[in-house]
Amino acid sequence: MLKFEPFIKDYAWGSREALASLAGRAPSEEPEAELWVGAHEAGPGTFDQGGRRCGLDEHIASDHAHHLGARSRERFGDRLPFLLKILAADKALSIQAHPDASRAASAPEGTYSDAWPKPEAWIPLVESEAFAGSLPFAQVQERLRALGLVSLEAMIDAARGTERPEHALLSMILTLETERQGPFVQEVVAALESVVKTIEDDAEARALRTVLTVHEQFPGDIGVVVLLTMQHHLMTPGRSYFIGAGVLHSFVRGTSVEILANSDNVVRGGLTPKKVDVAELLAIVDVSTPVTADEPRRPQPGMARYHSEVPHFALWELRPESEPLDVPAHGAPGLLLALDAPVSVECADERLVLGPLECAWWPAGDPPARVTGERGARLFVATLNDE
């Protein structure tokens with residue numbers, strides 16, 4: 001086992017308080033958006049080795065057989081297949097989607113940074129909010145027609161006669177001429193501000209108010225209109241939300257654990273100053289797969305396994321306050337992240353104590369481990385999905 005320091009990304013949408021609060025320290029001067037726990041080359045965890053900082057990716061490369069194990073190497077080669085993060089958002093993230101493995105490998109050169117897919121799942125730590133997944137066309141049609149705009153009516157009518165109306169409507173919104181986008185968004189927002197006051201359905205009113213909040217952050221951005229075609233989620237702790245290849249999503253606010261394949265491949269469609277690639281987004285987008293709130297499986301007291309639909313990752317949450325628990329990753333690589341109160345991880349004659357927001361690497365070749373903890377302690381364990 002090896003204790004290491006995670007990598008913090010300082011994107012502008014991040015929070016100055018969320019990660020600091022989890023770690024029990026003062027707020028940061030700059031936004032802290034993502035805590036990366038893993039071996040991705042764009043932000044590997046690091047540790048001191050003989051007076052120099054060593055990356056976890058470099059450490060794993062020193063002995064792939066021991067660190068990754070046969071099961072992982074047979075499936076994924078000499079790359080750790082998963083990455084663990086914490087998202088801490090005060091502003092909305094971009095509207096985006098991720099490619100599957102085939103598209104990541106076959107897309108034009110320069111489109112993606114690697115040949116890996118990037119499925120992911122969110123496990124919120126506090127009440128959080130997101131748009132994820134496309135709404136069925138009938139629901140989008142009802143929502144947009146309520147705004148009473150001729151421009152939207154024309155789009156709806158044109159999309160309705162196509163084979164994939166959800167995709168056709170999304171395409172019409174995203175490919176609107178650049179000079180028309182700002183006035184179009186303002187027209188939609190003005191209608192939305194009027195209509196939202198009359199809506200009796202609490203969930204629908206909440207979704208539309210959130211769209212208006214995002215518009216305050218990104219005034220005139222065409223992505224604001226795209227949000228009206230997407231599922232809104234008010235996410236509560238204790239459940240997970242799986243995001244598969246091509247599924248549109250935008251994490252709006254809150255703090256969440258995120259487990260994902262070890263890739264940084266992303267295509268953006270709006271709500272960002274970064275590169276937007278509408279053509280590639282429309283090529284990979286999945287407008288038919290809904291995003292659901294999934295309850296974890298609980299094989300024994302103090303242990304929860306979150307939903308995963310891919311072999312790249314599984315995420316466990318251990319609460320060892322009442323009795324010791326076995327770490328469920330023996331024979332496979334594991335990333336360990338502690339929250340709330342210190343935990344003690346024992347593996348043969350090794351013992352690591354992890355405080356809040358501290359993390360450790362558990363090689364596949366290490367013996368079985370057990371974890372104990374103080375009242376309220378939590379340990380997230382990322383490993384392979386063997387089911």
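**Entry 1: the largest pocket**

I began with the largest pocket and found that 27 residues line it. Nearest its centre lie Trp-13, Leu-93, Ser-94, Arg-268 and Lys-274. I note for the record that the model is predicted.

I then looked up the volume of the largest pocket, which is about 430 Å³.

**Entry 2: what the largest pocket is lined with**

I asked which strands each supply at least two residues of this lining. They are strand 6 (82-89), strand 8 (120-124) and strand 12 (249-261). Strand 12 gives the most, with four residues.

I next sorted the lining of the largest pocket by class. I recorded 12 nonpolar residues, six polar residues and nine charged residues.

**Entry 3: the second largest pocket**

I turned to the second largest pocket, where the space comes to about 170 Å³. I listed its lining as Leu-135, Gln-139, Glu-142, Arg-143, Ala-146, Leu-147, Val-195, Ile-199, Glu-204 and Leu-208. Helix 5 (137-145) and helix 9 (202-217) are the elements that give two or more residues to this lining.

I asked which element provides the largest share of the lining of the second largest pocket. Helix 5 does, with three residues.

**Entry 4: classes in the second lining**

I sorted the lining of the second largest pocket by class as well. I recorded six nonpolar residues, one polar residue and three charged residues.

**Entry 5: summary**

I set down the elements once more for reference. Strand 12 gives the most to the lining of the largest pocket, while helix 5 gives the largest share to the lining of the second largest pocket.

Key: Residues numbered from 1 in each chain as written. Predicted model: local features only at pLDDT ≥ 70, side-chain atom pairs only at ≥ 80, totals over all residues. Heavy atoms only, no water. 1 Å grid on protein atoms, 1.4 Å probe; cavity = no way out; pocket = protein on both sides within 12 Å on 5 of 7 lines; lining within 4 Å. Points joined across faces, edges and corners; volume = space filled by probe spheres on them. Nonpolar A, V, L, I, M, F, W, Y, C, P; charged D, E, K, R; others polar.
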